[in-house]
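The following report examines a structure of two chains in contact. Please consult the sequence and the model as each section is read.

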Amino acid sequence: MTTPSQFEISFDSTPIPCREGWTVGAALTAAGIRSWRTTRQGQRARGLFCGIGICFDCLVTVNGQPSLRACLVPAQPGDQVRTQEGTGR
Amino acid sequence: MNQDAFDVAVVGAGPAGLAAALAAAESGVTVALIDAGVGPGGQYWRSPAPGAGTFKPNTLHHSWRRFTDTTTRLSALASAGRAVRFAGHHVWSIAQADDRWSLHCNVGAEPRQRDAQPPVTIHARRLVLATGAYDRQLPFPGWDLPGVMTAGGVQSLLKGHLVVAGETVVVAGTGPFLLPVAVGLARYGARVAAVIEANTPLAFTRSPRAVFGAINKLGEAATYGVALLRHRVAVRHRHAVIRAFGNDRLEGVVVARLDRDGRPLADTERSVACDLLAVGWGFTPQLELHLQLGCATRMDVDSSLIVDVDDNQQTTVEGVWAAGESTGVGGADLASVEGMIAGYAVARSLDATPVRNDVPLRRRRGALREFATVMHRVYSIPDALLDDVDDETLVCRCEEVTAGSLRRAVDELGATDPRTVKLLVRPGMGWCQGRVCGFATVCLTARHTGRAAVDSDMRAFADRPIATPTPLGSLARLADD
């Protein structure tokens, strides 16, 4: 099965465009979305910071699994991405 | 899954790792090239997936030809069974048993994903660690607002996805790396409002010999300078971003001129509207594996903790070599040269005959190292910026610890070193394990206790017995060595 070069994923149930080889973080950023997590204590909004898997600021829930690094997770057609609050559990 | 032992395992497929793997494999030993990335090249030669769109390498990448030449030759060696690339392999632990090393890897682009492949153990008789570095950060008010990113992170979105992370950008911090980041963003459609550089390259005139020894660097800088002029991007030297503002999202930054000591001058403050700040203060070498193995370290001119190596790039641990940023931040050219020297040396240690005389390489390494030392002096972090971090400013982003908490750990709880501060108020105890706040926590604590930061302070924030976050399930599935 081959992945089409352009497809859609969803962010909090809204469809956003995506390209083959993009990470979830790249797709969210390209769609103008800057944050998808709130912190455990201060409920501060967070999104991409280091972009290379070091900082864990971009944690997000993908297809029901919380705390994945958006900057690393490869986006697949139909992926359901959700905002994560605190630990996401 | 277990394989037969390779002669050499190279960890990292950036400029240093690729060079080491090629040098060793061409000299006749078998090589496993193990890398966390999906494609080869590391951060420096990160290239976009085909689906991301068309791009011209020369618009984003330097010395692209060296990269394609190296990977082409490595592919040929791979077909001959002499070099195997393990992509998406995150080494989290290395153990020694008898005469070989066992490298335990989590597998996948994000190995924490539920459907990730099972962990893998790779065996090798020798190790070359070429783990690279990541952006170094200083805390300032608002630096955790979405829209504030590391310069390297902005660059990786561009190089890896052709995604421009904002419309109006300020690039700030210190170091020559800021220039290619600004140029790349401008070329791909962002409006670069300003480059805010804390230091001035005029300081290079104090070290003409080192500059002439690495004269190509001057040409590189000039190319970026011309490109910035063409895009009408102003570079403000001796300036710093002292604050980022916005409501749940970056709306702008406050910039100030720095006095002779690097202290922001209040009457020069002005706001610059932007939706992206790309910021970096040099780089932090990634040393988890070196420290696990017990390699000796020291502090470099730029206050980074680096691993000690001899003339052959060998560490103080028998059978372990290191090359690239982990032996001192110096850029891709130096990393490639060190990688080659390490690759040939490791081949010699296995009684193979290197395919090339490395004396010219050693001379080149000397010149590039000398240039790197001068570069670190020119692009240093102004002490005043660390002293002026106010108590409300967040230092540890993961555990949400402020500078005031660090200082209270010293003033009220009796901590005298960064490690104790960490234990008492938790900076560096969260998800990133101090990778982001470690440098700042060490510097802020040391300065608050009235002393300079030392090697052991840095080690306290670099020592991680598990090199990369590892799900318990991976441990449970660990194969026998």
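Helices (H or I, at least four residues) and strands (E, at least two) are DSSP runs, numbered from the N terminus. The model is predicted: local features need pLDDT of at least 70, side-chain atom pairs count only at pLDDT 80 or more, and totals for chains, interfaces and linings use all residues. Residues are numbered from 1 along each chain as its sequence is written, and chains are lettered from A and ligands numbered from 1 in the order in which they are written.

**Gly21(A) and the contact between the chains**

Gly21(A) is placed in the loop between strand S2 (14-19) and H1 of chain A. A residue is buried if 20 or more other C-beta atoms lie within 10 Å of its own, exposed if 12 or fewer, and partly exposed in between, with C-beta atoms placed from the backbone. Gly21(A) counts as buried because it has 20 C-beta neighbours inside 10 Å. Its C-alpha atom is separated by 8.3 Å from that of Ser5(A), 16 residues away along the chain. Two residues are in contact if their C-beta atoms, placed from the backbone, lie within 7 Å. When neighbours within four places in sequence are left aside, Gly21(A) is in contact with Ala49(B), Pro50(B), Gly51(B) and Ala52(B).

The contact between the chains takes 32 residues from chain A and 34 residues from chain B. On the side of chain A that touches chain B, helix H1 (24-30), strand S4 (45-46) and strand S6 (65-69) each supply at least two residues. That side has 15 nonpolar, ten polar and seven charged residues; Ala, Val, Leu, Ile, Met, Phe, Trp, Tyr, Cys and Pro count as nonpolar, Asp, Glu, Lys and Arg as charged, and the others, Gly among them, as polar.

**Overall form of chain B**

Chain B has 15 helices and 21 strands. Its radius of gyration is 22 Å, close to the 23 Å that the globule rule gives for 481 residues, so chain B is as compact as a globular protein of that length. The radius is taken over C-alpha atoms, and the rule is 2.2 Å times the number of residues to the power 0.38. Buried residues make up 56% of the 481 residues in chain B.

Two strands pair if DSSP finds at least two bridges between them. Axes are lines fitted to C-alpha atoms, for helices over the stretch in contact, and angles run from 0 to 180 degrees between N-to-C directions.

| Strand order (chain B) | Pairing |
|---|---|
| S8-S15-S9-S10-S11 | parallel, five strands, open sheet |
| S12-S13-S14 | antiparallel, three strands, open sheet |

In the five-strand sheet, the edge strands are S8 (148-150) and S11 (235-237) of chain B. Six bridges join strand S9 (residues 168-174) of chain B to the parallel strand S15 (residues 276-281) of chain B, with Val169(B) opposite Leu276(B). Helix H3 (residues 151-161) of chain B lies across S8, S9 and S15 of chain B, at about 120 degrees to S15(B).

In the three-strand sheet, S12 (239-246) and S14 (270-273) of chain B are the edge strands. Seven bridges pair S12(B) with strand S13 (residues 250-257) of chain B in the antiparallel sense, and His239(B) has Arg257(B) as its bridge partner.
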